Amino acid sequence: MTLPLAIAMDGLIYASWLFIIAAGLTLIYGVMRILNLAHGSFYALGAYAAASAVAWYFTTGSPPLLSFLLLAACAVGMGVVAGLAIERGILRLVYGRDEVVMILVTYGVLLILEDVIKLIWGVNPYYAYQPYTLLGRTRIENLSLANYDLALVGLAALLALLLGLLLHRTRWGKLLQVVIFDRELGAAMGIDVARVFTTTFVLGAILGALAGAMTAPSLSVAPGIGIEVIVLAFAVVVIGGLGSVTGALVGALMVGLARASAVHLYPELELFVIYAVMGLVLAFRPEGLFAPPAARKI
Amino acid sequence: MSQGSEAVAAPVGAHRSIHHWGEWWLVAWGVLALAATPFVTGFWLYLFTIAAAKALVVLGLLLLMRTGLVSFGQGLYYAVGAYTVGMLGQLAGVQELGLLLGGALLLGGVTGAIIGALLCRYRGIFFAMFSLAVSMILYGVLVKMEVLGSTDGFNVVSPAMGGWQPEGDLGNRLLFAVAMVLVFGAALVARRYRYAPIGRYCEGVKENELRVEYLGVAARQVVWVTYLGAALLAATGGAITALATGHVGPEMAYWTTSGEFVFIALLGGTGHVAAALLGAVLFEVIYTFAFELSPYTWQLILGSALLLIILFLPEGLWSLPARLGRWVRS
């Protein structure tokens with residue numbers, strides 16, 4: 001009984017983490033048609049900012065529970081700064097180019113940010129374990145789970161709900177849907193597409209940074225974490241269908257459960273299984289599970 | 001997908017005269033490179049051998065790019081070629097250079113044919129991502145394989161020719177010569193391929209696939225053959241790298257390695273096969289010196305260069321002389 005439960009819980013925790021990253025990636029792609037490789041850098045920036053801020057915060061002796069607010073604040077701050085700088089400074093210059101060229105542009109940005117991070121924070125790992133241990137652990141049967149991880153699941157669920165409401169129940173969401181469906185039509189109807197782009201990109205960047213900030217307490221923040229993460233987020237988004245938030249949720253659950261099963265049953269297959277799921281989905285539904293098929297243009 | 005349409009519009013005959021010129025240039029440079037074998041100093045010997053290996057991979061990438069496909073997974077075949085050489089040496093005790101290269105080609109070809117059959121249905125961004133996924137699968141397998149040294153990889157035997165095993169410097173020089181023959185030979189073949197009917201279809205697939213189909217050509221077959229060619233070239237490049245460095249590791253299949261190849265392709269430009277050679281040499285030189293001078297800003301330099309090229313030189317460095325010429329005349 002313990003093994004299935006362990007797989008389910010580990011899978012769920014991993015999936016929540018994946019969803020927060022993938023949601024930003026898929027949102028940006030859906031609206032802007034940019035597969036943003038630099039999303040991994042947002043994740044890394046969030047993680048670094050959070051780790052150094054939390055480490056500093058606990059030396060001041062302030063109330064420890066407020067450190068969670070600090071984590072979120074770091075994510076938002078980093079997301080806004082980095083998102084605005086990249087969208088305004090670089091992406092603006094290349095709008096309208098081919099989607100594949102956009103991958104290359106964001107690949108360049110990813111490389112640049114990797115070194116910028118090293119220049120700011122150095123190459124030694126950062127630890128910010130305090131918020132993680134602060135919440136204690138829960139026992140379910142004979143399984144001990146960190147409450148922090150469970151809170152992460154809650155956060156992911158909350159974000160999924162909020163994103164759903166934002167996209168389907170608000171005015172801004174409706175405008176966004178129009179831009180996703182047909183950018184030119186949206187512009188013709190008087191939607192300020194440039195502003196929608198900027199807002200979306202910053203929102204996506206905040207989500208990426210949030211994922212980083214929230215994971216910072218549970219691991220050592222070291223160079224290269226962004227590069228590792230981006231291909232995982234990629235797999236999730238591709239499985240669910242590029243541009244679909246629901247897809248990202250389903251993709252995250254699939255990848256999370258697949259990886260947790262592999263880790264518990266055949267640890268050798270841990271990485272393999274993620275991309276195998278992606279390969280299988282792509283082989284049968286090239287555009288992913290939840291993306292509408294595109295018309296073939298002559 | 002509307003760049004480079006002038007190449008398709010030009011009649012076939014228009015290229016004839018330049019055609020032969022270009023080939024003789026390549027042959028001349030190849031002979032020059034071979035003749036330089038005894039005179040190149042140790043450090044440059046290694047650098048040029050690695051550059052040639054990477055140029056082989058990039059040549060394949062150029063063929064794909066001319067079909068409108070960017071593969072973010074050429075590292076897969078690079079690693080397959082390298083690991084084949086490594087495993088043949090370590091596990092089967094093979095040292096003969098011809099056999100090692102042949103083995104790499106065979107395994108690279110088989111993997112390329114199978115994966116190509118899957119991938120030839122995809123275009124644009126999906127092709128890029130699917131190719132990345134497949135190479136990451138191999139990475140995932142290699143990292144977890146204790147027999148193959150897991151994340152550390154393992155050492156490669158030094159090759160022999162006809163039973164004779166050249167030692168140290170002489171061995172390096174021989175490998176350099178082999179790499180030069182291979183890379184210039186491959187460049188010539190790639191050039192021929194480009195101007196052959198199938199190469200023209202490649203450009204057609206990039207411009208408008210449906211119309212190519214209407215003309216009675218199976219676009220998927222064209223893509224499959226091109227993909228297979230790129231896989232063979234990448235496997236050869238991987239084999240040369242393994243022999244030159246004497247070591248193989250799973251990072252050869254990691255997506256950043258594949259990204260590096262795409263970078264070299266863009267650096268040189270997709271307009272000419274020699275651009276791959278130029279791009280690879282330039283990349284290795286910058287890499288070596290930038291990495292020595294400041295290891296923490298190497299990626300910064302790389303990323304900035306990539307952005308600058310995309311913004312200001314979309315056809316790569318190869319187009320720089322022509323651009324300058326136009327600028328001077330006007």
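**Close-up views of a predicted two-chain model**

View 1. Strand β1 (residues 137–140) and strand β2 (residues 143–146) of chain A pair in the antiparallel sense over 4 bridges (strands are DSSP E runs of at least two residues, and helices H or I runs of at least four, numbered from the N terminus; pairing requires at least two DSSP bridges). Opposite A:A146 in β2(A) stands A:R137. The hairpin has 2 residues between the strands, and A:E141 takes a positive phi near 50°. The model is predicted, so that local features need pLDDT of at least 70 and side-chain atom pairs pLDDT 80 or more, whereas totals for chains, interfaces and linings use all residues. Residues are numbered from 1 along each chain as written, chains are lettered from A and ligands numbered from 1 in written order, and side-chain values use heavy atoms, without hydrogens and water.

**View 2. Area buried between chain B and chain A.** The two chains bury about 4,100 Å² between them, 77% of it on carbon and sulfur atoms (accessible area, 1.4 Å probe, lost on being put together and summed over both parts). B:W255, B:Y296 and B:Q299 supply 15% of the area that chain B buries against chain A, more than any other three residues.

**View 3. The side of chain B that touches chain A.** Contact (heavy atoms within 4.5 Å) involves 42 residues from chain B and 48 residues from chain A. Between the chains there are 0 salt bridges (Lys or Arg side-chain nitrogen within 4 Å of an Asp or Glu carboxyl oxygen). Elements giving two or more residues to this side of chain B are α6 (124–144), α8 (197–214), α10 (255–268) and α12 (298–312). Helix α6(B) gives the most, with 14 residues.
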